[in-house]
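Subject: Handing over a structure

Hi there,

Here is the structure I promised to pass on to you. Please have a look at it first, and then read on for what I found in it.

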Amino acid sequence: MYHVDQSSEYEDAKVDVFEERLARFGWGAILILTGSMWLIPSRLLPNGSWLMTMGFILLGLNAARYAVRQVWDGFTSALGILALLAGVGELFHASLPVLAITLIVIGVLALLIPQRERALGRPGKPHQRCCEL
């Protein structure tokens, strides 16, 4: 007979609630940012404002994950860094090859993420076992 550790199930539930709240906060911040920037005349905003703020939002979400000792999301961190770099590039009128950099970052993440999950021993959710009674 399989013994279920209820404390780990409770911790998993807390993590799920935290992730849901964080996702809701992130989407809310992105929608408010985009709507606000559409209302403000473009001549009043520096170039790259939207991209830089998106980068800060994405990096802030991962900082919140890290602050509560959760595993940060490498993909959204990479997108945050790319958005921040692209925004700074626009601000200083520098032409960055954003598409090329994005493709390289996605390729690197595609190689590293499965290895990271194997190292953490998490092909699915932590403490989840399939087909055991």
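The largest nonpolar core is made up of nine residues: Leu22, Ala29, Ile30, Leu33, Met37, Met54, Ile57, Leu61 and Ala83. A nonpolar core here is a set of buried Ala, Val, Leu, Ile, Met, Phe, Trp, Tyr and Cys residues joined through side-chain atoms within 4.5 Å. Helices H1 (6-39) and H2 are the elements that give two or more residues to this core, and H1 brings the largest share, five residues. Helices (H or I, at least four residues) and strands (E, at least two) are DSSP runs, numbered from the N terminus.

Before you go further, please keep in mind that this is a predicted model: local features need pLDDT of at least 70, side-chain atom pairs count only at pLDDT 80 or more, and totals for chains, interfaces and linings use all residues. Residues are numbered from 1 along each chain as its sequence is written, and side-chain values use heavy atoms, with hydrogens and water left out.

As for confidence, the protein averages a pLDDT (the predictor's confidence in each residue, from 0 to 100) of 81, and 80% of the residues score at least 70. Over residues 125-133 the pLDDT stays under 50. Where pLDDT is low, the predicted coordinates should not be read in detail.

The overall layout is quick to describe. The protein has four helices and zero strands, so to speak of order from the N terminus is to read α-α-α-α. Of its 133 residues, 23% count as buried (under 20% relative accessible area; exposed is over 50%, partly exposed in between, with a 1.4 Å probe and protein chains only). Contacts are heavy atoms within 4.5 Å; of those with a separation of 6 or more, 66% join residues 24 or more positions apart.

Next, the salt bridges. The structure holds two of them, each being a side-chain nitrogen of Lys or Arg within 4 Å of a carboxyl oxygen of Asp or Glu. In one, the side chains of Arg65 and Glu19 meet at 3.1 Å, N to O. Arg65 lies in helix H2 and Glu19 in helix H1, so this pair ties together parts that are 46 residues apart in sequence. Arg65 is buried, at 11% relative accessible area, whereas Glu19 is partly exposed at 25%. Leu22 touches Arg65 too, along with Leu61 and Ala64, not counting residues up to four places away in sequence.

Glu20 forms a salt bridge with Arg24, and their closest N and O atoms are 3.0 Å apart. These two are four residues apart in helix H1, which means about one helical turn separates them. Arg24 is exposed, with a relative accessible area of 52%.

Finally, what is there on the outside? Ile81, Leu85, Leu96, Val98 and Ile101 form a nonpolar patch on the surface, with about 380 Å² of accessible area together. Helices H3 (74-91) and H4 each give two or more residues to the patch. Val98, in helix H4, is partly exposed at 32%. His93 sits in the loop between H3 and H4 and counts as exposed, at 65% relative accessibility.

Enjoy exploring it!

Best wishes

Note on methods
Patches are made of residues with over 30% relative accessible area and no salt bridge: like charges are joined within 9 Å, nonpolar side chains (Val, Leu, Ile, Met, Phe, Trp, Tyr) within 5 Å. Accessible areas come from the Shrake-Rupley method with a 1.4 Å probe; for residues, only the protein chains shown count as cover.
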